[in-house]
Amino acid sequence: MNSFGQSTFLFGGDYNPEQWPEDTWQEDIDKLKQANINVATINVFSWALLEPRENNFNFEQLDRIIALLVRNRIKIVLATSTAAMPAWLVQNYPSAAHVDVHGIQQKQGKRHNACPNNPDFKRLAKQLVTKLVQRYKDCPELTYWHVSNEYEGYCYCENCAAAFREWLKVKYENLPKLNRAWDSNVWSHTYHAWSEIEPPMLTTDLFDNGKPVLNGAALDYQRFQSDSLLANYRMERDVIKRFDQVHPVTTNLTGSQKALDYFKWAPELDVISWDSYPMPEDTASENALEHDLMRGLKDQPFLLMEQTPNQQNWYPYNALKKPGEMRMLSYQAIAHGANSIEFFQLKQSRSGPEKFHGSVLSHSNSVNTRTFKEVQRLGQEIKKLPISLQAANVQAKVALIFDWESYWGSENAIGPLADFSYVKEVQRFYQMLYGHNLTVDIVPKTADFSKYQLVVAPVLYLLNDQFVANIQKYVKEGGNFLTTYLSGMTDQTDNVYLGGYPGPLRHLLGLHVDERDARSPRQSVRILTPDQTQIGTATGICDLVIPDTAATLAHYSSDVFYEDFATLTRNHFGQGYAYYCGAGLDQAGLSYLLQQINTTAGLPLGAMPAVEITTRATEHERFTFIINTSDQPQFITNPVPTATPLVANGPVTTKLDLKPYDVVILHQMI
Ligand code: GLA
Ligand code: ZN
């Protein structure tokens, strides 16, 4: 049993029987049981059925759905249905629907579109959740509460504007302080009355590209909306906890999305759950980063709440997962901390926006499809995984900082690159580590770094004094720290630190930067070691790095006028080392950088990027996941030849002959 009372590995997905005639339900369940499904997420979007008119409730159909699942011993993840509003709600309270960034008041329709600060929406959501919890809290198969669905999207209505002003009053107390914090004398933005402050939107202070005039105001609105949606979650969570102290509460998150600062959300969730929908062309390292980010939110295993068994329908090209690929991706999720595998969805809709989205039971309704059989096989294997795996966590010696405020700040900035993407920059440095088979913890900038041999902070744009003090102490005491261009740029309200880049990190890094080039992909620059050997090329941002106390590890080539400036540096600081990467280096260059870092960090660098080796461990047990993430065979040395195979397609000896997408799980007592 895991710490949430979960005694089996959950294997299932979203099930929407309300979309189907009741006399088909039992047949669905019979088939799903053949696929080893043991859990269903239900009631995600049923508010209009549960409350057909205001204050008029009807739980009869949900009672029957729950009875069906209980009868069939299917566990239940029970959603609260507040993610899509019924028509009457918006008709009775038109401002319950959000106002979009263009200033357009939405009406009833679609989903995920309530105004988080609307008192009627909040009151009615609370009432519905209260009834649900009172009615179903003792249901024998209830396993998790699932609040709303994929919180997302900001509102720009009058209600939100008023609530924002109150939020600002608490934060800044008076307008002179706010004006100073926002540095608002730019373009006549000085505020003389609280009522003058509007949410930054396309009709006010956002340009067509979504970038703001006043960075401090935009950043505060992002913080405020993330907090507002979190308050919605907390309101439902508190109602649930009032009546049910037994079942854990979660809401399904969506990875490296931009709108919500998940590190602030994480403490409010009993367990992290998330929905993994990689683009067909995403790399194994991009997927791994997302899982690590979700595990990092609480530094605990998580639930994979949704993935598609074969294809999405909402990307431009919805390539099918190839034979074995869904299984490989599922094990990759487990290797990085997942304690469940769930699909969207169990039975394919025949109408609506998701009728062409993949599903365990497809439109053919057959148990003989390729997808069904792959799900069935995976379910059969997963059943046999020891439950002790659930308590095992990933142990890493490298931390990578992910910071939503830096995400917002760096992408709110106009320049130096129009197509700058914070997540892509994080991926670049995650790939550097992943490509050498290093296990990585993704951490917030407030983390305790002392247990790590290396801390990597890509584009840590927005800083505070506390972080600067912590990271200096970490390096002084012997740590290794790598940071990059666009780090240390701005303070808590996104105003640039003066005195040269990278602001308060200059001393630790032993360098300064006065000028920063920004080059198109067609203007790449060669990067050379001091003895003129080329290590790679750079595009995008190229800082003209001037070492003060730092040593130069690499510099620009004569293709650019600033050939004498440094690109990569190392600064000895106390007992440790602070490294700086000044340019958008390719992976060859980053591999060189990592080897340089490793002369002081001493990490076990591997070299087979297509095969991922990840370990989950408790004090007593170790589970080693060996995953061929490619569609090509791979041949590797078994890293733990004395361990016992739990999952394997072929013989496990000192060598492993891995077929395309092959997975081997090895178990050891320690
Ligand atoms: C999200 C939602 C689901 C469904 C899937 C489809 O994850 O939570 O309701 O729309 O996407 O991919
Ligand atoms: Zn609003």
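**Notebook: aspartate 559 and a zinc site**

I began with a side chain: that of aspartate 559 makes a polar contact with the side chain of serine 557, at 2.7 Å. A reminder to myself that I am working in a predicted model.

**Entry on aspartate 559**

I looked up where aspartate 559 lies, and found it in the loop that runs between β18 (551–556) and β19 (566–573). Next I asked: is aspartate 559 buried, exposed or partly exposed? Its relative accessibility is 40%, so I noted it as partly exposed, since that category lies between under 20% for buried and over 50% for exposed.

Then I searched for partners beyond four places in sequence, and aspartate 559 turned out to be in contact with Val525 and Arg526. With arginine 526 I found a polar contact from side chain to side chain, at 3.0 Å. For valine 525 I checked the C-alpha atoms: they are 6.4 Å from that of aspartate 559, although 34 residues separate the two in sequence.

**Entry on the zinc ion**

I turned to ligand 2, a zinc ion, and asked which residues coordinate it. I found the SG atoms of Cys115, Cys155, Cys157 and Cys160, at 2.2 to 2.3 Å. Along the sequence, I wrote the spacing of these donor residues as C-x39-C-x1-C-x2-C.

What arrangement do the 4 donor atoms make around the zinc ion (ligand 2)? The angles they subtend are 101 to 116°, so I wrote down tetrahedral; the cut-off asks for all angles between 85 and 135 degrees.

Technical notes. Residues are numbered from 1 along each chain as its sequence is written. Chains are lettered from A and ligands numbered from 1 in the order in which they are written. This is a predicted model: local features need pLDDT of at least 70, side-chain atom pairs count only at pLDDT 80 or more; totals for chains, interfaces and linings use all residues. Side-chain values use heavy atoms; hydrogens and water are left out. Helices (H or I, at least four residues) and strands (E, at least two) are DSSP runs, numbered from the N terminus. Buried means under 20% relative accessible area, exposed over 50%, partly exposed in between (1.4 Å probe, protein chains only). Contact means heavy atoms within 4.5 Å. A polar contact is a pair of N or O atoms within 3.5 Å; within protein, one must be able to donate a hydrogen and the other to accept it, and residues adjacent in sequence count only if both atoms are side-chain atoms. Donors are N, O and S atoms within 2.8 Å of the metal (3.2 Å for Na, K and Ca); water is not among the atoms, so sites may look incomplete. Four donors count as tetrahedral if all angles lie between 85 and 135 degrees; four count as square planar and six as octahedral if opposite donors are over 155 degrees apart and all others between 65 and 115; anything else is irregular.
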